[in-house]
Amino acid sequence: QVQLQESGPGLVKPSQTLSLTCTVSGGSITANYYYWTWIRQPPGKGLEWIGYTPYSGSTYYSPSLKSRTSISRDTSKNQFTLQLISVTPEDTAVYYCARAGPYSAWVMDYWGKGTLVTVSS
């Protein structure tokens, strides 16, 4: 069974960089046809797809967040990370990492529990 666990600071100041790590167990992030995804949910709002890094190691981002987002991976640790620069209070949300696939990048089969990140001074 694949398990995902988000980790990182729960409080970030405005204009700083939000950094989260997702540690994956029970499956390799290099396994073919899977997409390692970040999604967030602001308080009282719906889910927002941020981006993913697929098995090939490339990256794809939401157009609305692309200029501020970077997703990378460490295959030796079986982890992938999210960095969001120049955060504002509007970036306050529960952040989830998830696995999508196989073949479809839009169907998630495993999720982390999520971690609340608050942007506040």
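Is Arg99 buried or exposed? Arg99 counts as buried, at 9% relative accessibility (buried means under 20% relative accessible area, exposed over 50%, partly exposed in between, with a 1.4 Å probe and protein chains only). Before the views, a word on the model: it is predicted, local features need pLDDT of at least 70, side-chain atom pairs count only at pLDDT 80 or more, and totals for chains, interfaces and linings use all residues. Residues are numbered from 1 along each chain as its sequence is written, and side-chain values use heavy atoms, with hydrogens and water left out.

**View 1. Arg99 and Asp109 meet in a salt bridge.** Their side chains come to 2.6 Å, N to O (a salt bridge is a side-chain nitrogen of Lys or Arg within 4 Å of a carboxyl oxygen of Asp or Glu). Asp109 sits in strand E10 (residues 108-111) and Arg99 in strand E9, so this pair ties together parts that are 10 residues apart in sequence. Strands (E, at least two residues) and helices (H or I, at least four) are DSSP runs, numbered from the N terminus. Asp109 is partly exposed, at 33% relative accessibility.

**View 2. Asp91 has salt bridges with Arg40 and with Arg68.** With Arg40, the closest N and O atoms are 2.9 Å apart. Asp91 is in the loop between strand E8 (79-84) and strand E9 (93-100), while Arg40 is in strand E4 (residues 35-41), so the pair ties together parts that are 51 residues apart in sequence. The Asp91 and Arg68 side chains also meet at 2.9 Å, N to O. Arg68 belongs to the loop between strand E6 (60-61) and strand E7 (69-74), so here the tied parts are 23 residues apart in sequence. Asp91 is buried, with a relative accessible area of 2%, and Arg40 is buried too, at 6%. The whole structure has 4 salt bridges.

**View 3. Thr53 is a buried residue in strand E5 (residues 48-54).** Its relative accessible area is 3%. A polar atom of the Thr53 side chain lies 2.8 Å from the backbone oxygen of Ser58. Leaving aside neighbours within four places in sequence, Thr53 is in contact (heavy atoms within 4.5 Å) with residues including Tyr35, Trp36, Ile71 and Phe80.

**View 4. Strand E3 (residues 18-25) runs antiparallel to strand E1 (residues 3-7) and to E8.** E1 and E3 are joined by 5 bridges (two strands pair if DSSP finds at least two bridges between them). Look for Leu4, which stands opposite Val24 in E3. E3 and E8 are joined by 6 bridges, and there Thr23 stands opposite Gln79.

**View 5. Trp38 and Tyr95 touch the most other members of the largest nonpolar core.** This core has 24 residues (a nonpolar core is a set of buried Ala, Val, Leu, Ile, Met, Phe, Trp, Tyr and Cys residues joined through side-chain atoms within 4.5 Å). The elements giving two or more residues to this core are E3, E4, E8, E9 and strand E11 (115-119). E3 supplies the largest share, 4 residues. Apart from this core lies another one, of 7 residues, among them Tyr35, Ile39, Tyr52 and Ala105. Leaving aside neighbours within four places in sequence, Tyr95 is in contact with Leu18, Leu20, Leu82 and Val117, among others.

Note on methods
A polar contact is a pair of N or O atoms within 3.5 Å; within protein, one must be able to donate a hydrogen and the other to accept it, and residues adjacent in sequence count only if both atoms are side-chain atoms.
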